[in-house]
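Thank you all for coming; I would like to take a few minutes to walk through one structure with you. I will begin with the place where two chains meet and then turn to the fold of one of them.

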Amino acid sequence: MADTILEMKNIVKIYSNGVVANDNISLSLKKGEIHALLGENGAGKSTLMKILFGIETPESGEIILNGKSVAIRNPLEAIKLGIGMVHQHFMLVPSFTIAENIILGVEPRKGIFTDMDKAEELSRRISDEYNFKLDVGEKVENLPVGIKQKVEILKALFRGAEILILDEPTAVLTPQETEELFIQLRRLKEKGHTIIFISHKLDEIKQICDRLTIMRNGKNMGTYETTDLTTKEISRLMVGRDVVTKFDKAALNLRETAVSIRKLEVWNTAGTKKVNGLDFDVKEGEIFGIAGVEGNGQSELAQVLAGLIENYKGEYRIFGETAKGLSIKDLRSKGMSYIPEDRMTYGIAENMDLLSNLFANQYDKEKYSGRIFLKKKPMEQAAKDLISQFLIKAGSFKTKVGMLSGGNIQKVVVAREFSDDPKVIIANQPTRGIDVGAAEFIRKKLLELRDKGCAVILISADLNEVMELSDRLAVMYKGEFSGVFKDVSALTEEELGRYMLGIEKDEGLEGIVYA
Amino acid sequence: MLKSSQFNTFRTALSIAIALILSFLVIFLVSDQPVEAIMRMITGPLSSKRLFANVIELMIPLIFTGVSVSIMFSANQINLGAEGSFHLGGLVAAVVGLMVPMSQGVHPIAAILLGGLTGAVFAAIPAILKIFTTASELVSSLMLNYIALFLGNYILSYYLRDTTAGALTSHLLPESVKLQSIVSGTNIHIGLFIALLTAVFGYLFLFKSKLGYMLRISGENEKFAKYSGMNIVTVILISQLLGGFIAGVGGSVQLLGMYRRFSWAALLGYGWDAIIVTTLSKKNPLFVPLAAFFLAYIRIGADIMSRSTDVSPEIVAITQGIIIILIVAEQFLSGYKHKLVAREARLQMETEGAE
């Protein structure tokens with residue numbers, strides 16, 4: 001048990017934008033352990049694993065597998081060496097069956113054709129061997145997220161993975177699905193597999209991992225036995241200081257109704273109904289949280305609110321006025337601000353500098369431009385102020401936004417959206433994929449704006465976040481609200497999880513609209 | 001060693017150098033007098049005032065179409081409308097010159113402005129097609145260029161043609177409409193100043209004005225622009241109108257400065273060349289004159305070479321092709337760039353460690 005199966009020695013990786021992702025990292029795995037790799041987003045965990053899986057090439061360093069130095073130039077070589085990776089975003093073909101996905105690329109053949117019977121049999125055998133109980137003839141597109149993940153794991157096992165890398169496996173799971181995953185992981189461990197578990201959820205790590213390695217800013221902060229550290233100590237090693245998880249919230253001070261939605265129905269571009277008859281009101285001075293597993297209509301709802309989808313049924317009023325026929329510019333001049341979930345697509349122009357990115361929503365205001373020309377000095381001054389006020393780590397306002405880290409890019413988006421005198425903020429996954437420090441900062445800003453009288457609609461898959469910030473919290477499931485909670489502090493994650501999975505449904509939805 | 005911030009300039013320079021070297025190699029392969037040919041190509045344009053003037057004369061239309069394409073490409077309107085706008089600009093200037101008598105001072109101004117307006121309207125057609133039918137502006141502009149050409153041929157044949165002349169050509173343009181030469185003994189005309197002013201205007205527009213800012217943001221990321229509240233339809237229209245106007249002015253200026261008659265029975269290709277100019281100048285109108293000068297210089301150089309040696313001037317097409325491929329190929333030197341960046345990052349780490 002105690003023999004070392006894998007060693008990564010003095011790994012250095014510098015990305016082409018100058019980010020030092022791994023600064024002399026060493027990592028050692030014992031056979032048959034579940035080893036947590038943890039750190040904030042941007043700490044370099046994913047990079048290190050991409051190097052191990054052959055996706056990225058390091059500047060220097062050595063990988064020793066079973067006592068032999070190996071070069072892993074691409075994922076195929078990694079798979080041959082018995083390393084498997086389950087990515088955060090699944091790499092499955094939706095229109096294929098489970099069996100077809102599992103054997104993809106290593107198909108059993110009959111002549112020039114794939115032997116489908118054998119494929120199903122092999123898939124069933126490996127599924128039973130690990131007690132995954134899957135119906136291998138089912139199409140992947142019909143599966144819930146938790147099952148898709150199992151398919152990913154089986155795919156790796158089928159290719160002979162001894163070492164399994166799981167990149168934030170629980171990020172997309174409900175608490176119940178997470179429990180089930182852990183049972184499976186323990187079983188894998190008993191069978192002698194070694195698992196690298198990437199996460200930043202400390203309680204999960206305490207629950208399942210034997211040892212943990214902490215990374216911060218591309219540096220190794222040490223490897224420990226899980227039992228030797230308290231969660232508080234771990235988080236201090238991760239972030240470098242104590243993290244505020246509880247915010248002091250000022251008393252609720254509700255004002256005018258800012259947003260009012262009635263019987264809203266939205267279809268996606270493929271013609272599938274994604275929002276199915278929503279009603280809700282949001283007043284100035286409150287944070288209205290919307291929790292739920294991603295893909296239950298939250299994106300479409302957010303895009304309607306932001307004016308990006310105009311083709312919807314039902315009513316959307318902003319400060320009493322119907323939003324039908326209002327352009328995005330009109331909505332914005334009424335005080336609408338939007339933090340999009342996909343910041344790289346909607347939130348920035350990555351090839352342009354900070355200055356250009358910070359004023360896209362307000363460049364035509366009097367303080368920044370005359371009739372024809374932009375006012376260079378005031379813009380530069382404001383850019384400097386925003387960079388320091390929002391703690392954006394960048395060389396100067398001339399730095400290209402694409403060169404920044406995820407957290408800093410999100411701060412650019414937030415700085416722009418929050419500096420335009422917002423009255424209604426739609427924040428869709430505002431802290432997803434960014435470091436703890438930046439997330440904490442953005443949450444604080446959201447609370448500040450609430451206290452100033454903003455109406456905040458917070459859509460998030462991060463349960464801690466919605467539970468901590470929301471004054472009222474609704475759960476979205478299949479385009480509808482399955483529950484609404486006026487007293488968020490009395491909620492537990494398990495309870496929320498049941499509503500998120502649609503196991504429980506509250507028909508009355510009392511308190512979702514104001515009388 | 002190089003800094004990573006200087007990398008792009010270095011890359012462009014190296015691309016040009018490699019392209020020239022490869023072209024010279026080809027010359028060595030095909031020519032009996034390679035050294036002389038290369039010398040003629042490099043130093044030819046400097047050997048007389050008249051030849052150098054040819055470079056400047058060729059540079060003028062390239063500046064106009066280069067600025068025009070820089071603006072349209074900045075808005076991500078990848079299209080070749082500049083070619084047709086340029087052609088129609090020349091045509092309209094000829095029509096105004098021949099059919100609308102005016103006094104010396106206003107005649108060229110009216111001809112150029114009308115030429116520009118025609119170019120603007122012409123380039124707006126693909127924009128309107130895109131807005132209402134999402135037709136690709138690249139395809140529609142290419143097709144429309146033929147309409148511009150044959151419309152020009154029709155008007156030339158039926159309304160402007162000088163039947164006493166042997167070839168298909170218009171009557172002589174009146175002196176009142178022609179642009180004056182500013183350097184005696186050459187054809188360098190006052191259009192040079194208009195071209196340079198246009199480059200400055202293009203720079204101010206794209207990088208200093210509100211509209212230009214909108215254009216560049218939309219060009220970089222249309223979804224982001226839309227989300228920010230910008231009107232994409234306006235952006236598409238303005239970029240095409242302005243780009244077409246500048247190309248149209250270019251066509252008018254070219255006709256009035258360089259020709260005695262209108263005889264363009266084929267497209268002249270300055271719109272296509274503008275893509276080379278735009279690529280070299282990285283869509284910055286301020287660099288367009290430099291890029292246009294470079295292109296004009298190697299073209300005239302190749303002409304001179306072909307006249308006195310056995311190498312044909314088309315060798316320049318090879319040079320141009322290689323330059324464009326190297327500049328556009330993202331992977332070219334990307335390994336070197338990565339090394340530069342990594343070295344700087346290491347240095348920074350060390351200095352931070354020392355503090």
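What you see is a predicted model, and in it the contact between the two chains draws on 28 residues from chain A and 20 residues from chain B. On the side of chain A that touches chain B, the elements giving two or more residues are β2 (20-30), α10 (328-333) and α11 (343-347) of chain A. Sorted by class, that side of chain A holds 15 nonpolar, eight polar and five charged residues.

Let me now turn to chain B itself, which has 14 helices and zero strands. Its radius of gyration is 22 Å, close to the 20 Å that the globule rule gives for 355 residues, so chain B is as compact as a globular protein of that length. Of those 355 residues, 48% count as buried, and among the contacts in chain B with a separation of 6 or more, 79% are between residues 24 or more positions apart.

As a last point, I would like to look at one helix pair. The axes of α4 (residues 81-99) and α6 (residues 137-160) of chain B come within 8 Å and cross at roughly 20°; the two helices are therefore roughly parallel to each other, and their crossing is left-handed. Among the residues making this contact are B:L88, B:L91 and B:V95 of α4(B), together with B:L144, B:A148 and B:I155 of α6(B). By class, the contact of α4(B) with α6(B) has 10 nonpolar, six polar and one charged residues.

Conventions
Residues are numbered from 1 along each chain as its sequence is written. Chains are lettered from A and ligands numbered from 1 in the order in which they are written. This is a predicted model: local features need pLDDT of at least 70, side-chain atom pairs count only at pLDDT 80 or more; totals for chains, interfaces and linings use all residues. Helices (H or I, at least four residues) and strands (E, at least two) are DSSP runs, numbered from the N terminus. The radius of gyration is taken over C-alpha atoms; the globule rule is 2.2 Å times the number of residues to the power 0.38. A residue is buried if 20 or more other C-beta atoms lie within 10 Å of its own, exposed if 12 or fewer, and partly exposed in between; C-beta atoms are placed from the backbone. Two residues are in contact if their C-beta atoms, placed from the backbone, lie within 7 Å. Ala, Val, Leu, Ile, Met, Phe, Trp, Tyr, Cys and Pro count as nonpolar, Asp, Glu, Lys and Arg as charged, and the others, Gly among them, as polar. Axes are lines fitted to C-alpha atoms, for helices over the stretch in contact, and angles run from 0 to 180 degrees between N-to-C directions. Angles under 35 degrees count as roughly parallel, over 145 as roughly antiparallel, 65 to 115 as roughly perpendicular and the rest as oblique. A crossing is left-handed if the near helix is turned anticlockwise from the far one by less than a right angle, and right-handed if clockwise.
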